[in-house]
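Good morning, and thank you for coming. Please take a moment with the sequence and the structure on the screen before I go through the fold.

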Amino acid sequence: MKLKGLYLVTPDYSGDWIINATERAIKSGVDILQYRDKTSTFRDKLAIGKKLASICHDYSVPFIVDDDPVLMDILGADGIHIGKDDVPFDYVKSKYPDHIIGVSTYGSIKDALLYQKLGADYVAFGSFFPTKTKDDATICDINVLKGIRPINIPVFVIGGISRENIDLVLKYGISGIAVVSAIYSHNDIEDQVSYFKSKLIEYGKN
């Protein structure tokens, strides 16, 4: 299963416009989708997640669930993404050895290498730029990306990526970019996806 290119992460659910926007983005070329929703009830997450899972299935796009292995299991998702305050990696790896497991490593090469050794399928670095999606996100030094060469699993960058700064991250040996508001807040989703995809292709990331 391809883990590179344009990785779309959903915002918290605020209406079915998100479902529509997600399908438009995936139809336009998104490579991976992560369902991340910190505010909805579990029951609502099931209903929303089923719609998103169905879209991903229709377009053969990997479907990742944020933080919740139970939700991942019920939805039949392809994998899970975890951060420093989420369910322990060892637990997920032992219980779901055949699922994709991605880990946020923020600005730490050391942590990325550790999770690679433990069997993570990809790691994510960031934020490198201010982002409205996570007001409390720590801004990492982009120079950390100079040290990712020993990492042999896919590396994604996330956090405030836009048309204005995408070249700053794509010049490094990453596998792709993860975005939220850059897609969902844009008035022309198809055009924005097309732009990011063209940039990824230009730099050999897709």
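Predicted model: local features only at pLDDT ≥ 70, side-chain atom pairs only at ≥ 80, totals over all residues.

Let me begin with a term: two strands are said to pair here if DSSP finds at least two bridges between them.

Eight strands close into a barrel, in the order β1-β2-β3-β4-β5-β6-β7-β8, and the pairing is parallel. On average, neighbouring strands of this sheet are turned by 25° against each other, with direction ignored. In general, strands of a sheet pair through backbone hydrogen bonds, either parallel or antiparallel.

Where do β1 and β8 stand in this arrangement? They pair in the parallel sense, over four bridges. Within that pairing, L8 stands opposite V179 in β8.

Strand β8 itself covers residues 176–179. As a general point, the side chains of a regular strand alternate between the two faces of the sheet. In β8, G176 and A178 point one way, while I177 and V179 point the other way, and all of them are buried.

I turn now to β5 and β6. Strand β5 comprises residues 100–106 and strand β6 residues 122–125; the two run parallel and are joined by four bridges. S104 stands opposite A124 in β6. Helix α5, residues 109–118, lies across both strands and runs at about 165° to β5. At the start of α5, a side-chain oxygen of S108 reaches to within 3.5 Å of the backbone nitrogen of K110. After the helix comes G119, with a positive phi near 110°.

Is H81 buried or exposed? Its relative accessible area is 8%, and the cut-off for burial is under 20%, so H81 is buried. Which side chains does the side chain of H81 meet in polar contacts? One is that of S104, at 2.7 Å, and another is that of Y122, at 2.8 Å. Leaving aside neighbours within four places in sequence, H81 is in contact with a list of residues including Y7, Q34, D66, D86, G102 and A124.

Rolling a probe the size of a water molecule over the atoms shows where empty space is left. How many cavities of 30 Å³ or more are there? The count comes to one. The space in the largest cavity is about 40 Å³. Its lining is made up of Y7, V9, Q34, H81, Y122, A124, I158 and A178. Both β1 and β6 supply at least two residues of that lining.

Next, a few points of backbone geometry. Most residues other than glycine have a negative phi, and most peptide bonds are trans. S60 sits in the loop between α2, residues 42–58, and β3, residues 63–66, and is exposed, at 67% relative accessible area. Y106, also not a glycine, has a positive phi of about 55°. Y106 lies in strand β5, and with a relative accessibility of 27% it counts as partly exposed. As for the peptide bonds, the one from G126 to S127 is cis, with omega near 10°. S127 is placed in the loop between β6 and β7.

S162 belongs to the loop between β7, residues 155–158, and α6, residues 166–170. The relative accessible area of S162 is 19%, so this residue counts as buried; the cut-off is under 20%. The side chain of S162 makes a polar contact with the side chain of E164, at 3.2 Å.

M1, finally, lies in the segment before β1, and at 66% relative accessibility M1 counts as exposed. Apart from its neighbours within four places in sequence, M1 is in contact with P62, D78 and I100. The C-alpha atoms of M1 and Q34, which are 33 residues apart along the chain, are separated by 15 Å.

Thank you; I welcome discussion.

Definitions and conventions: Residues numbered from 1 in each chain as written. Heavy atoms only, no water. Axes fitted to C-alpha atoms, helices over the stretch in contact; angles between N-to-C directions. Contact = heavy atoms within 4.5 Å. Buried < 20%, exposed > 50% of the residue type's maximum accessible area, 1.4 Å probe, protein only. Polar contact = N/O pair within 3.5 Å; in protein donor to acceptor, adjacent residues only side chain to side chain. 1 Å grid on protein atoms, 1.4 Å probe; cavity = no way out; pocket = protein on both sides within 12 Å on 5 of 7 lines; lining within 4 Å. Points joined across faces, edges and corners; volume = space filled by probe spheres on them.
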